[in-house]
Amino acid sequence: MSDGRDHGGGLDDAVARHGGTRAAWIDLSTGINPVPYPLPVLPAEAWTALPDRAAQQALDDAARRFWKVPDGAAVLAAPGASSLIARLPGLTSAGRVHIPGPTYNEHAAAFAAHGWDMSADNPDATVIVHPNNPTGAWHDRPAPGASLTVIDESFADVAPDRSLVAHTARPGVIVLKSFGKFWGLAGVRLGFAIAAPDTIARLAGMLGPWPVSGPALEIGRIALNDTGWAEDTRARLAADAARLDSLMTRAGATVEGGCPLFRLYRTEDAQGWQDQLAKHRIWSRVFPYSPEWLRLGLPAPDQWARLEAAL
């Protein structure tokens with residue numbers, strides 16, 4: 001069911017508007033890796049037992065190693081980055097928050113729900129999406145001055161050298177990580193917060209006991225320890241992003257931005273492009289604030305020919 005906010009995905013709406021069956025569509029409206037991490041065989045207790053402390057600690061340890069979390073920061077696994085985004089504004093009293101846009105709109109929605117005012121003047125909190133969605137812009141460092149700084153790195157695993165996780169030992173700095181994007185397993189519902197230990201303790205209290213399922217703990221642990229897969233995936237994503245740019249520019253679009261998980265293009269009529277692709281059962285992303293911007297995720301290996309034919 002739609003919440004009324006602008007998102008990628010929404011394939012059910014595409015089917016309702018343009019016809020066909022869900023299985024007939026290629027969904028390029030999200031920035032999810034189309035070649036997901038191969039699901040491991042899970043032990044029966046991952047499904048049948050409440051997650052124990054050892055399983056949670058094993059995932060935390062894998063996350064610390066993978067993201068090079070500094071000694072002065074702690075890690076919290078959660079049922080998706082969205083669950084953390086919804087709770088972060090409750091860490092402190094409502095005030096003024098600065099969220100440079102255009103960007104992922106769930107942050108503004110979460111702060112508004114907690115009574116915060118949107119303002120760039122002397123903000124009490126700042127939020128940056130790093131790299132930004134949909135422009136792909138990166139930030140050099142956390143913005144100074146605010147008592148709460150949220151850095152959403154949901155797409156940053158394509159370029160780990162650009163991560164700002166080294167700043168998370170500072171009080172009030174929180175980095176968010178999404179497992180679903182880079183590893184392509186959005187349905188697992190796994191995300192992470194990295195911040196000072198007292199901040200992580202408060203967030204953990206908000207989530208309650210056993211926030212992450214046993215299967216998600218096990219899948220996340222195995223995937224985060226597989227650094228070889230991550231390195232190979234970064235190279236493939238970069239090559240596929242360049243291939244998509246080539247296809248789109250030949251078709252008349254201009255590269256506006258993006259990162260290796262999604263590409264942003266400038267067109268004369270983004271809605272017209274979306275409708276044309278939809279005739280071929282390919283779903284793309286347009287934006288209510290820009291009639292020229294079209295965003296595409298990467299096709300799976302067996303979908304390139306169909307996209308090229310549609311263009």
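These legends describe close-up views of the annotated domain and of salt bridges in a predicted model. Residues are numbered from 1 along each chain as its sequence is written, and side-chain values use heavy atoms, with hydrogens and water left out. Because the model is predicted, local features need pLDDT of at least 70 and side-chain atom pairs count only at pLDDT 80 or more, whereas totals for chains, interfaces and linings use all residues.

**View 1. The annotated region, residues 147-300.** An unreviewed UniProt entry gives the annotation "domain: Aminotransferase class I/classII large" for residues 147-300; UniProt positions are given in the numbering used here, feature names are shortened, and annotations may be inferred rather than shown by experiment. Over residues 147-300 the chain is 40% helix and 26% strand, where helices (H or I, at least four residues) and strands (E, at least two) are DSSP runs, numbered from the N terminus. The end C-alpha atoms of residues 147-300 are 42 Å apart.

**View 2. The salt bridge between Asp157 and Lys177.** A salt bridge is a side-chain nitrogen of Lys or Arg within 4 Å of a carboxyl oxygen of Asp or Glu, and a search of the whole structure finds 10 of them. In the pair formed by Asp157 and Lys177, the closest N and O atoms are 3.9 Å apart. This pair links distant parts of the chain, 20 residues apart, with Asp157 in the loop between β6 (148-152) and β7 (173-178) and Lys177 in strand β7. Asp157 is buried at a relative accessible area of 2%, and Lys177 is also buried, at 1% (buried means under 20% relative accessible area, exposed over 50%, partly exposed in between, with a 1.4 Å probe and protein chains only).

**View 3. The salt bridge between Glu308 and Arg250.** The closest N and O atoms of Glu308 and Arg250 are 3.7 Å apart. Glu308 lies in helix α11 (residues 304-310) and Arg250 in helix α9 (residues 227-250), so the pair ties together parts that are 58 residues apart in sequence. Glu308 is partly exposed, with 43% relative accessibility, while Arg250 is exposed, with 58%.

**View 4. The salt bridge between Arg266 and Glu292.** The side chains of Arg266 and Glu292 meet at 2.1 Å, N to O. Because Arg266 belongs to strand β10 (residues 262-266) and Glu292 to strand β13 (residues 290-297), the pair ties together parts that are 26 residues apart in sequence. Arg266 is partly exposed at 30% relative accessibility, and Glu292 is partly exposed at 31%.
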